[in-house]
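Reader: Hi! Could we walk through a few side chains together?
Author: Happy to, let's have a look.
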Amino acid sequence: MLLHKWLTSFGRYIMLMGRVFSRPERMRMFLKQYVTEMTQLGINSIGIVLIISFFIGAVICIQMKLNIQSPWMPRWVAGYTTREILLLEFSSSIMCLILAGKVGSNIASELGTMRVTQQIDALEIMGINSASYLILPKIIGMLTIMPFLVIFSSATGIIGAYGTAYLGHIITPDDLTQGLQHAFIPWFVWMSIIKSQFFAFIISSVPAFCGYTVEGGSVNVGKASTDAVVTSSVLILFSDVFLTQLLS
Amino acid sequence: MIEVKHLYKSFGDKEVLKDINTVFEDGKTNLIIGRSGSGKTVLMKNLVGLFIPTKGEILYDGRNFVNMSKHEKVMMRREMGMIFQSAALFDSMTVLENVMFPLDMFSSMTLRERIHRAKECLDRVNLSGADEKFPGEISGGMQKRVAIARAIALNPKYLFCDEPNSGLDPKTSLVIDDLLHSITQEYNMTTIINTHDMNSVMGIGENIIFIYEGNKEWQGVSSEVMGSTNAKLTDFIFASDLLKNMRKIVMDNGLQL
């Protein structure tokens, strides 16, 4: 029964994506929506990404220094591990998990409310492909802005780590710099960005599906919002395992 | 003109519409009336293509809407305007942007022309001062008028209204009724209104279809309602004691409404 329900939902999701990825009726309107969504979903998320990344960067550095470092290890090891954690997992996967909460609930509740207040029906009556008009700019907007968020997150995390060096005197700035520069592999940056593109698709398309297919009233909109966050978070974690294996 | 021929609609085992046959004429306000759950909204959703009929034909000036391809249906819908019960305005857009929306999507007008046309439509519904307001900042009656302005922006041939007076006071309802009636004549549209409002029935009902438990029970004009001998219709129209007594006085004295 559960499998049947899951397969039905998956089939409906694929069918919806089929409608979403069709040529926009008016390119001018699509571009307008695209810029709006990029601002609403991406640029408005920069603040929270920077705050979280700064503090997580600082905390990782402190934890590494206090718990990992020993007299048998080089002094730069805390800086090195901080960089690797930020680049490989935090700035792509964990940051996307956070965004799944913020952006996912936003998309699901917006589309769900549009559905129950007949705004989506109004678009359909006008002869507009509502799925493409509403969802495609969100997906493309998130895919566009996500690499920037990943880069900002990594950079701010490193600034947070320097904060512990300059303000907290946990580690010397020289040791931290040496660690951050040690055995740097540029591919890890690309890996982070590639992973984040998959996660951006999940964060925008899954909540859009949950919101677009709402039936009923406000209670169901709330439920769709919760389902959107839970489902996209699980899918991010699940796909992270495969992507990490595939890209490493 | 819209012709409905032998229309059936079922949801699972439940047959909601049963062999509906009717004609909605051009330049007239066609009213669909009936009790809640009688199938009025289902009939309208079939007409606009939000539901697919189980059986039957819907002919728009001779073109069968049911058999049309997806693309043909999309093109057909551009000839339709619809006013929803909840107005269904886009709440992220201002009043002016809402009215401009169909023009932005489908017209080849310049920005200046689109703004001019949207303002013209807002003027037509007496809402010229509310351009920059958002739907959440205006009253229910004003929202309905914006919805009418949006629906007529592209000069549709067919206008559908799902309970346009729901949630409005009697006076505002009369304003909306008058507006729909005059716009129908002005644009020579085929207007179909789903309603419970007896003021609408008596005031603007040029062609009234009474749906009872999924069947077309009665069809006529507002002047015929009073003298109708159909028990189900009179029971529905004159549901309150006040209306029953009024009807009795009118009938006993040979008066006209």
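Reader: How exposed is A:Arg19?
Author: In this predicted model, A:Arg19 is partly exposed, because its relative accessibility is 27%.

Reader: Which residue does A:Arg19 form a salt bridge with?
Author: The partner is A:Glu124, and the closest N and O atoms are 2.8 Å apart. The pair links distant parts of the chain, with A:Arg19 in helix H1 and A:Glu124 in helix H5 of chain A, 105 residues apart.

Reader: And A:Glu124, buried or exposed?
Author: A:Glu124 is buried, as its relative accessible area is 14%.

Reader: Which residues are linked with A:Arg19 in a network of salt bridges?
Author: That network links A:Arg19 with A:Glu124 and B:Arg77.

Reader: How many salt bridges over all chains?
Author: The search finds 18 of them. One of chain A's joins A:Arg75 and A:Asp175 at 3.8 Å, N to O. A:Arg75 is exposed at 58% relative accessibility, whereas A:Asp175 is buried at 9%.

Reader: What about B:Asp104 and B:Arg114, how far apart are their closest N and O atoms?
Author: They are 2.6 Å apart, in a salt bridge. B:Asp104 lies in helix H3 and B:Arg114 in helix H4 of chain B. B:Asp104 is buried at 7% relative accessibility, and B:Arg114 is buried at 6%.

Reader: Switching topic: how many disulfides over all chains?
Author: The count is 0. Take A:Cys210: the nearest cysteine sulfur belongs to A:Cys96 and is 17 Å away. A:Cys210 is buried, with a relative accessible area of 15%.

Reader: Last one: where is B:Asn194?
Author: B:Asn194 sits in strand S8 of chain B and is buried, because its relative accessibility is 0%. Beyond its sequence neighbours within four places, B:Asn194 has contacts including B:Ile32, B:Met44 and B:Cys161.

Notes:
Residues are numbered from 1 along each chain as its sequence is written. Chains are lettered from A and ligands numbered from 1 in the order in which they are written. This is a predicted model: local features need pLDDT of at least 70, side-chain atom pairs count only at pLDDT 80 or more; totals for chains, interfaces and linings use all residues. Side-chain values use heavy atoms; hydrogens and water are left out. Helices (H or I, at least four residues) and strands (E, at least two) are DSSP runs, numbered from the N terminus. Buried means under 20% relative accessible area, exposed over 50%, partly exposed in between (1.4 Å probe, protein chains only). Contact means heavy atoms within 4.5 Å. A disulfide is a pair of cysteine sulfur atoms within 2.5 Å. A salt bridge is a side-chain nitrogen of Lys or Arg within 4 Å of a carboxyl oxygen of Asp or Glu.
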